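Biologist: Before we go through this structure, I would like each label tied to its cut-off. Please start with how the terms are set.

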Amino acid sequence: MSYRSGRFWQPDVTVATVVVREGRLLVVEEQVRGERVINQPAGHLEPDESLLEAARRETLEETGWDVTLTAFIGAYQWKAPADGRHFLRMAFAAEPLRHYPERPLDDGILQALWLTPAELAAESARHRSPLVWQVVEDFLAGRRFPLQVLNHTA
């Protein structure tokens, strides 16, 4: 598909957060197409929402944790081999502020977990996509950009 052929194509724009507390990473275990997979708190950008708003919202909805975003880790492009969907993931570093344990988690989310990087790496066969570890690896390597590199014009 291309603009030249008269058809419009666009990737799924998603956000993800790397939240760290006492050396552990906040992840979610979720049910996707009958499989239990592990992912960062992540989800789709919604209309009229900034990337920063989306990252905070998705983290709260999927984990019950309110966070403050501290840095932009990077933008990641991936094509899912199973269905050919294209994803553009914007990843953020965040610090946990407050937990709301009574808050119901999004549909499909089985639980939120705090895993060490080694525990997460050991679960690589269950990562929802290769982006899960790539984002964490970049975070652990110190990749950080100021949030001001992202602009939202309403």
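Modeller: Helices (H or I, at least four residues) and strands (E, at least two) are DSSP runs, numbered from the N terminus. This is a predicted model, in which local features need pLDDT of at least 70 and side-chain atom pairs count only at pLDDT 80 or more, while totals for chains, interfaces and linings use all residues. Residues are numbered from 1 along each chain as its sequence is written, and side-chain values use heavy atoms, with hydrogens and water left out.

Biologist: Which element gives the largest share of the lining of the largest pocket?

Modeller: Strand β3 does, with four residues. A pocket is an open set of points on a 1 Å grid over the protein atoms alone, where a 1.4 Å probe fits, with protein on both sides within 12 Å along at least five of seven lines; lining residues have an atom within 4 Å of a point. The space in the largest pocket is about 620 Å³, a volume being the space filled by probe spheres set on the points, which are joined across faces, edges and corners. Its lining has 32 residues, and V32, R33, N39, F87 and R128 are the closest to the centre.

Biologist: Why is E30 called buried?

Modeller: Buried means under 20% relative accessible area, exposed over 50%, partly exposed in between (1.4 Å probe, protein chains only). E30 has 6%, so E30 is buried. This residue is found in strand β2.

Biologist: What makes the pair E30 and N39 a polar contact?

Modeller: The term needs a pair of N or O atoms within 3.5 Å; within protein, one must be able to donate a hydrogen and the other to accept it, and residues adjacent in sequence count only if both atoms are side-chain atoms. The side chains of E30 and N39 are joined at 3.4 Å, so the pair qualifies.

Biologist: How do you know that F72 is buried?

Modeller: The relative accessible area of F72 is 8%, so F72 counts as buried. F72 lies in strand β5. Leaving out residues up to four places away in sequence, F72 touches M90, A91, F92 and R144, among others; contact means heavy atoms within 4.5 Å.

Biologist: What makes a group of residues a nonpolar core?

Modeller: The members are buried Ala, Val, Leu, Ile, Met, Phe, Trp, Tyr and Cys residues joined through side-chain atoms within 4.5 Å. The largest such core has 16 residues, and V18, I73, Y76, L120 and V135 have the most contacts inside it. Helix α3 supplies the largest share of this core, five residues.
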